[in-house]
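Hi everyone, thanks for making time.

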Amino acid sequence: MLALKRNRFGLLSLVVSVVLVFTKFYAWALTHSQAALTDALESIINVFTSGFALYSIYLSGLPKDQNHPYGHGKVEYLSVGFEGALILGAGVYIFSSAIQALLHPHSVQQLDWGVLLLGGTAVANLLTGFVLVRQGHKLHSPALVGDGQHLYLDAVSTLVSCAALGLVYFTGLVIFDTVAALILGVVIVVNGYRMLRRSVSGLMDESDVATVERVIAELQQHRQPPWIDVHNLRIVRYGANLHIDCHITIPYYFSLEEAHAEVSRIEELIRSRFEVEVEMFVHADPCTFSACPHCSMPDCPVRQHAFTRLVPWTLDNVVKNERHQLDEPTTA
């Protein structure tokens, strides 16, 4: 169901991009404006990136198979990187073209119709971008979010173009058109780089701190006495889905059946707190007597040290591959 929704919004982005690119090129043909040409060229990128994003969303929704045991979700980060690379390249070209226009200025015409057409495309991009970003976060789709943010950028670029054409209309100074193209070129290059950076982060499994903290908070809130500590927590995002690994220390005298029950409780707890598919593997470690001061197991038959206090689970200690200890030394 989530995959179907992502596909629908990806198709919406593609259709809107195709319609708007023709509109913007018509506006450029009317005005011969460098800013309008800049806007139209960026919209061509929208068409290519929306198409690739739609395909990546389709792939990410495919089930796991023998060749892709973790699913196909990471292709969405590739889509974001592809989009960022195209935007970066377009920004460099736009900036160089604006420099040429600055050195060899030319007149612009039919500014009223140009501003009207470009203004309409800006509104359409803002509305579509808002829908894509909102639904992308809701459906946990990096490709949809990236596509929506690109449409936001496109809308801002169009508004700058409109403002530049308005200034040319009222002042007769063509320099405003060229300066707007230069500014847009710089903005587009910066945003293209940011999208590439986000793509590399996802492909390199950079830690999603917000998700890690959310998992830790859930474990802390629903903490049970047999869960002596949780450590070596790792979270990898595959598109919308999550893969989580962690170690839990439980009483060493638990039977295999009891240990399995505690592991299952943790897995079900975390899965129930996320709207996306969560694949979780919990490794059970037996406790040692050094854990007694921060173990709250009632009526423990093997306790050798008095319980002192619990060690709070935080981002600093749960992600480390080491068992928790109290800050102060303990005695027998």
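Let's start with F170, which is exposed, at 70% relative accessible area. Just to be clear, what we're looking at is a predicted model.

Now, how are the rings of Y169 and F170 arranged? They form an edge-to-face aromatic pair, with 5.2 Å from centre to centre and 90 degrees between the planes.

Then there's Y252 with Y253. Their ring centres sit 5.9 Å apart and the planes are at 80 degrees, and planes over 60 degrees apart count as edge-to-face, so that's what we call this pair. For these two the label is partly exposed: Y252 has a relative accessible area of 40%, and Y253 has 29%.

Which residues make up the aromatic cluster? Y252 and Y253 are in it, along with F254 and F289. If you search the whole structure, you get five aromatic pairs, and the two I described, Y169 with F170 and Y252 with Y253, are among them.

Okay, over to charge. On the surface there's a patch of positive charge where K5, R8, R134 and K138 gather. Which elements give two or more residues to that patch? Those are α1, covering 2–31, and α4, covering 111–138.

Let me pick out R134 from that group. R134 sits in helix α4, and its relative accessibility is 55%, so R134 counts as exposed.

Terms used: Residues numbered from 1 in each chain as written. Predicted model: local features only at pLDDT ≥ 70, side-chain atom pairs only at ≥ 80, totals over all residues. Heavy atoms only, no water. Patch = residues over 30% accessible without salt bridge, like charges linked within 9 Å, V, L, I, M, F, W, Y side chains within 5 Å. Areas by Shrake-Rupley, 256 points an atom, 1.4 Å probe, with all protein chains shown as cover. Salt bridge = Lys/Arg side-chain N within 4 Å of Asp/Glu carboxyl O. Lys, Arg positive; Asp, Glu negative; His and termini not counted. Charge placed at Lys NZ, Arg CZ, Asp CG, Glu CD. Helix = DSSP H or I, 4+ residues; strand = E, 2+ residues; numbered from the N terminus. Buried < 20%, exposed > 50% of the residue type's maximum accessible area, 1.4 Å probe, protein only. Phe/Tyr/Trp six-rings, centres within 6.5 Å; stacked < 30°, edge-to-face > 60°.
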